[in-house]
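This report describes selected features of one protein chain, taken region by region. Please keep the sequence and the 3D view at hand while reading.

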Amino acid sequence: MILKPAFTSGGRVASVACRVLQIRRYLNSSDFCIHPLVREALDSRRPVVALESTIITHGMPYPQNLSMAREVEEIIRANGSVPATIGVLSGRIHVGLQNEQLETLAKGKNAIKVSRRDLPYVLSQGLSGGTTVAGTMIVAHKAKIPVFVTGGIGGVHRGGEKTLDVSADLTELGRTPVAVISAGVKSILYIGRTLEYLETQGVCVATFGDSREFPAFFCHQSGFQAPYHVQNEEDAAQLIARSLNLQLGSGVLIAVPCPEDQAASGQLIEEAIQQALREAREKGITGKELTPFLLQKLNKLSSGESLRSNIALIKNNAKVGSCIAVALNKIQRAQGWGDDMAQNENVSPVPKPVVIGGINVDFIAKARDATIVGGGQTNPSIVRQSFGGVGRNLADCLSRLGKTPFFISVMGKDEHSESVLRYCKHMDMRGVLQLEGHNTATYCSVFTGSGELSLGLGDMDIHQQITEQYVSTFKETLCSAPLVCIDGNVPVSTIQYVCQIAREHHLAVCYEPTDVDKASKPFLSESWRALACISPNLRELRAINRTLGHPVSADMPSTLEEAVKTSLTLARPLLGELHCVVVTLGQHGVLVCSRNMNGRLSLRPGTFNKATAADELCAVHYPAIPVPTEEIVNVSGAGDSLMAGILAGLLAGEDMDDCVRMGLLSASFSLRSYEPVSPDINATSVNVARLKAQQWPVAKRWKLT
């Protein structure tokens, strides 16, 4: 992410704008395209797993190849890492692929197998292809991704002593320091000679599990022994860490047996291999076309058994590889490798946004009927557990949009907290404290069949432990943050401390009021004058104005026109100090009252002169994306998703219209999800390109005087 000057705080982070995140300086930006989620993960030093793409282009038929690729990426995410499928599209190397790019490779008829020797030609001619094990290792190493998951590596072909047909994968393992997690060597190859060749290349080879029996891809056993074995992911990570630390310059091969219940029959596969080899000789098929031919023939001759085993083993490898990447990442963090790497390459770490707020375990009950009957009667409902809290929701949504913030919060040390940590693997939870003897915050909400909140009950006492003293331990992180967002669950003293830091260090701080009772916390003192933005609904905005002693009508507006008019009246006196007031209007959308900086929404302190601010004030009403009532599942996280989408747009330097529409699109996803923040929100489903492709209602604008 490159922070644009309109949103950064002076020269303090100016050096960030010219830096490519955690990628070697010698990478040519015209040749490489890094997916935003991969770029953010590399920058924040989270575990990333590389994936090859020849398994998509040449290893399996469509549509199994596409569904496999998507499932493998999801398995890697579920086990704590960020997937980075590597491929070449129109002459550019992509580290991390969008869904439509995966589909392009999966359907493509003319994709090239791209190994080391092929890269210059394919890029110079603007061609597309799937990267082999060797090609993927090269790119992964340049992108500083130390763990790579594949199905099986290439090797010495049968008859290779005559043809000299030896896969470039083996020499690449001998000269590129990347750990390859595979199901051994493809069964179509000469496994014994492959192991001998790897020894000659100085490659450390170990099986994963209790046995040294080297796996044969589709089959659990090959009849050959590996030199070493590792029992689990921690042992594997220690082995990889030692290899990297020694700077041997060679890779590591971790061979993971295919699950026994999914392995193919060794005899069946061997008979099919012999027949496929005979046909290949008769047809004169050699070189890089040989392996795809043999795999396709095996699938046909085994009546699909080889393909089923292939899919099962790559999924198993993905799970094991992701767990190894997580374990390796812990070792590297403990040893400070990431900091040393940045120092050695003269690269400063990019400041991260910070979110400070509450975490809840939510129990959500939604009645089947539009109205709820009281008096102790049981109402037929759907009851689910999910994970919420305004601060957590904001951090969750920002993370899904590729802007992972440093999240500061507090939980108990109990069964609920363990569930939260498992669910929030995609977030930066290093700032979350677990306290013995305290309960993780829980919240029970009851919704009508139409999706309206009827009753809420909460055990939120632990939020008072988000103290000034605890938050101050992250002062350096706060002071370098391009944006700080704080929610109303945080104690008043902590809010005042953050506002003080904001004033002293010219930070952009946004306040999410949370609810009517908590909305006024910053406004109990002069602290609020250090805020850049607040995001209340109309009831919360009324409560804020009452706290400040401003006149407030006794009645709530009953129409959209009245709600907008009231919001404008109540927001106007706050804009003498705040840069922006975002008033959420539920199904009617959002009203943004701000200072128009040439079409951009700026939260940077010092970007306006208060004496002449009246000339710059404007308000824009953006209607919501219509969501049918029957599709609304949960409204609890829609407002948080809205604000997170707006903030993600701000961090990316988008104009005000695109920022707000990113928020509205995110909110529409969350309304349809049982989780407060929809898992369907990501940098692919919510981005500027998607916004441009969608029809939007006309936004109405006013100039405030």
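## Helix H1 and its surroundings

In this predicted model, helix H1 spans residues 36-43, and its buried residues are Val-38, Glu-40, Ala-41, Leu-42 and Asp-43. These buried residues pack against four strands: S1 (32-34), S2 (48-51), S3 (82-89) and S4 (92-95).

The backbone just after H1 also deserves attention. There, Arg-45 adopts a positive phi of about 60 degrees.

## The largest cavity

The structure contains four cavities of 30 Å³ or more. The largest cavity holds about 90 Å³ of space. Its lining consists of 13 residues, and those closest to its centre are Leu-51, Glu-52, Ile-55, Met-68 and Val-72.

Two helices, H2 (54-57) and H3 (64-78), each contribute at least two residues to the lining of the largest cavity. Of the contributors, H3 gives the most, with four residues. Sorted by class, the lining comprises eight nonpolar, three polar and two charged residues.

Helix H16 covers residues 415-423, and within it His-416, Ser-417, Ser-419 and Val-420 are buried. Viewed down the axis of H16, these buried residues fall within an arc of 160 degrees, so they line one face of the helix. On the face of H16 turned away from the buried side are the exposed residues Glu-415 and Arg-422.

The cover over the buried residues of H16 includes strands S13 (360-367), S14 (381-388), S15 (406-412), S16 (428-435) and S17 (442-447). At the start of H16, the backbone nitrogen of His-416 has a side-chain oxygen of Asp-414 within 3.2 Å.

## Thr-494 in helix H19

Thr-494 belongs to helix H19, which runs over residues 492-505. Is this residue buried or exposed? Its relative accessibility is 0%, and the cut-off for a buried residue is under 20%, so Thr-494 counts as buried.

Leaving aside residues up to four places away in sequence, Thr-494 touches Ile-466, Thr-467, Glu-468 and Val-471. With Glu-468 there is also a polar approach: a polar atom of the Thr-494 side chain lies 3.1 Å from the backbone nitrogen of Glu-468.

## Ser-525 in a loop

Ser-525 is found in the loop between strand S20 (509-512) and strand S21 (533-534). With a relative accessible area of 23%, Ser-525 is partly exposed. The side chain of Ser-525 forms a polar contact of 2.9 Å with the side chain of Ser-527.

Ser-525 can also be placed relative to Leu-548. In sequence, 23 residues separate Ser-525 and Leu-548, while their C-alpha atoms are 9.3 Å apart in space.

## The chain as a whole

The individual regions belong to a chain that has 24 helices and 26 strands. The chain has 705 residues, of which 58% count as buried.

How much of the contact total joins residues 24 or more positions apart? Among contacts in the chain with a separation of 6 or more, such pairs account for 73%.

Terms used
Residues are numbered from 1 along each chain as its sequence is written. This is a predicted model: local features need pLDDT of at least 70, side-chain atom pairs count only at pLDDT 80 or more; totals for chains, interfaces and linings use all residues. Side-chain values use heavy atoms; hydrogens and water are left out. On a 1 Å grid over the protein atoms alone, a cavity is a set of points where a 1.4 Å probe fits but cannot get out, and a pocket is an open set with protein on both sides within 12 Å along at least five of seven lines; lining residues have an atom within 4 Å of a point. Grid points are joined across faces, edges and corners, and a volume is the space filled by probe spheres set on the points. Ala, Val, Leu, Ile, Met, Phe, Trp, Tyr, Cys and Pro count as nonpolar, Asp, Glu, Lys and Arg as charged, and the others, Gly among them, as polar. Buried means under 20% relative accessible area, exposed over 50%, partly exposed in between (1.4 Å probe, protein chains only). Contact means heavy atoms within 4.5 Å. A polar contact is a pair of N or O atoms within 3.5 Å; within protein, one must be able to donate a hydrogen and the other to accept it, and residues adjacent in sequence count only if both atoms are side-chain atoms. The arc is that of the directions from the helix axis to the C-beta atoms.
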